[in-house]
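Below is a report on the fold, the packing and a few selected contacts of one protein chain. The structure comes first and the description follows.

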Amino acid sequence: AAPSAVVTAATVAGMQLTASQTLAAAFIAAQSRIYVGNVPFDVGEADMKALFELTCGPVRSVTLTMDSTTGHHKGFSFVDFVAPESAQKALDTMQGYPLNGRSLRVGRPTNPIANLSMSPL
């Protein structure tokens with residue numbers, strides 16, 4: 001069966017959330033995530049985390065997408081910040097940032113929820 005697009009209630013940390021709270025949490029998580037491209041191949045997840053924490057704010061996680069054939073990363077990553085404001089700061093300040101001879105590209109992931117607005121219709 002295909003996954004449902006309907007947002008339902010969820011349980012987080014033992015607390016029951018309403019559908020609107022679940023959607024709000026998903027929206028905040030999506031707004032806290034950025035795509036980073038043109039990552040030098042000699043840079044690892046710890047390096048990326050240190051760079052973005054130093055320049056933009058607390059980072060929850062960094063994921064470098066790996067190539068299963070070569071065992072090396074593919075040159076792009078996703079950075080999940082603790083707060084959406086830190087992600088916005090990265091978008092505003094890290095485009096073209098020089099790192100080990102390459103210029104980073106940053107943007108929002110191509111994810112439908114990341115492009116939502118929480119403003120009323």
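## Overall make-up

Of the 121 residues in the chain, 32% are buried, where buried means under 20% relative accessible area, exposed over 50%, and partly exposed in between (1.4 Å probe, protein chains only). This is a predicted model, in which local features need pLDDT of at least 70 and side-chain atom pairs count only at pLDDT 80 or more, while totals for chains, interfaces and linings use all residues. Residues are numbered from 1 along each chain as its sequence is written, and side-chain values use heavy atoms, with hydrogens and water left out.

The chain contains 3 helices and 8 strands; helices (H or I, at least four residues) and strands (E, at least two) are DSSP runs, numbered from the N terminus. Read from the N terminus, the order of elements is β-β-α-β-α-β-β-α-β-β-β. Taking contacts between residues at least 6 apart in sequence, 60% join residues at least 24 apart, a contact being heavy atoms within 4.5 Å.

Four strands form an open sheet: its 4 strands follow the order 4-5-3-8 and pair in antiparallel fashion. Strand 4 and strand 8 (105-107) are the edges, each pairing on one side only. Two strands are taken to pair if DSSP finds at least two bridges between them. On average, and with direction ignored, neighbouring strands of this sheet are turned by 20° against each other. In general, the strands of a sheet pair through backbone hydrogen bonds, either parallel or antiparallel.

Strand 4 and strand 5 run antiparallel and are joined by 6 bridges. Within this pairing, Leu64 has Ser77 of strand 5 as its bridge partner, and Met66 stands opposite His73, also in strand 5. The hairpin of these two strands has 6 residues between the strands, and Gly71 there takes a positive phi near 80°.

## Helices against the sheet

Helix 2 packs on the sheet and touches strand 3, strand 4, strand 5 and strand 8; its direction makes about 140° with that of strand 4. Helix 3 lies across strand 3, strand 5 and strand 8, at about 30° to strand 3. For these values, axes are lines fitted to C-alpha atoms, for helices over the stretch in contact, and angles run from 0 to 180 degrees between N-to-C directions.

Which residues of helix 3 are buried? They are Ser86, Ala87, Ala90 and Leu91. Seen down the axis of helix 3, its buried residues fall within an arc of 145°, so they line one face of the helix; the arc is that of the directions from the helix axis to the C-beta atoms. On the other side of helix 3, Glu85 and Asp92 are exposed.

Ser86 has a relative accessibility of 9% and therefore counts as buried. Leaving out residues up to four places away in sequence, Ser86 touches Cys56, Gly57, Pro58 and Phe81.

## Nonpolar core

The largest nonpolar core has 20 residues, and those with the most contacts inside it are Ile34, Val36, Met48, Phe52, Val79 and Phe81. At least two residues of this core come from each of strand 3 (33-37), helix 2 (45-55), strand 4 (59-66), strand 5 (73-81) and helix 3 (84-93). A nonpolar core is here a set of buried Ala, Val, Leu, Ile, Met, Phe, Trp, Tyr and Cys residues joined through side-chain atoms within 4.5 Å.

Apart from its neighbours within four places in sequence, Met48 is in contact with Val36, Val39, Val43, Val62, Ser77 and Leu99.

## Salt bridge

The structure holds 1 salt bridge, defined as a side-chain nitrogen of Lys or Arg within 4 Å of a carboxyl oxygen of Asp or Glu. The side chains of Asp80 and Arg33 form it, at 2.8 Å from N to O. The pair links distant parts of the chain, with Asp80 in strand 5 and Arg33 in strand 3, 47 residues apart. Asp80 is buried, with a relative accessible area of 14%, whereas Arg33, at 25%, is partly exposed.

## The loop at Gln95

Gln95 lies in the loop between helix 3 and strand 6 (98-99) and, at 47% relative accessibility, counts as partly exposed. Its contacts, not counting residues up to four places away in sequence, are Ala90, Leu104, Arg105 and Val106. Gln95 and Gly37 are 58 residues apart in sequence and 9.7 Å apart in space, C-alpha to C-alpha.
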